[in-house]
Amino acid sequence: MHSRRSPYVSDTHDPGHGHSPAAWVAVTIMLIAFAIGTAAFFFSVVWLVWASVVLLVLGLLTGVVLSRLGYGVGGPKYVVKAHD
């Protein structure tokens, strides 16, 4: 019997592609910024649209800083979790 691997199963050499605390925090902040910006744009609150753009950039910078502090994929503070 021939066993085929599913294309959705990650390879053991997979670097993680964002499954790190740094990536999760950065993406969460940026999603919140995008949601606030979308609502502010809908309600024509220009200052809040620009504030959400600033928050979006801060989310990106937060991810970079956390990654350099060791919370990114391959960092010393990142713990790989086994998937069953």
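**View 1. Helix H1 from end to end.** H1 has 22 residues, and 32 Å separate its first C-alpha from its last, close to the 32 Å expected at 1.5 Å a residue. The expected span is 1.5 Å times one less than the number of residues. Helices are DSSP runs (H or I, at least four residues), numbered from the N terminus. The model is predicted: local features need pLDDT of at least 70, and side-chain atom pairs count only at pLDDT 80 or more, while totals for chains, interfaces and linings use all residues. Residues are numbered from 1 along each chain as its sequence is written, and side-chain values use heavy atoms, without hydrogens and water.

View 2. Ala-22, Ala-26, Ala-33, Gly-37 and Ala-40 are the buried residues of H1. Seen down the helix axis, they fall within an arc of 60 degrees, so they line one face of H1. The arc is taken from the directions from the helix axis to the C-beta atoms. The face turned away carries exposed Trp-24, Leu-31, Phe-34 and Phe-42. Buried means under 20% relative accessible area, exposed over 50%, partly exposed in between (1.4 Å probe, protein chains only).

**View 3. H1 against H2.** The buried residues of H1 pack against H2. In H2, Val-49, Ser-52, Gly-59, Gly-63 and Gly-70 are buried. Their cover includes H1.

**View 4. Either end of H1.** Ser-20 sits in the segment before H1. Ser-20 is buried, at 4% relative accessible area. Leaving aside neighbours within four places in sequence, Ser-20 is in contact (heavy atoms within 4.5 Å) with Tyr-71, Gly-72, Val-73 and Tyr-78. Just after H1, Ser-44 takes a positive phi of about 55 degrees.

Note on methods:
Helices (H or I, at least four residues) and strands (E, at least two) are DSSP runs, numbered from the N terminus.
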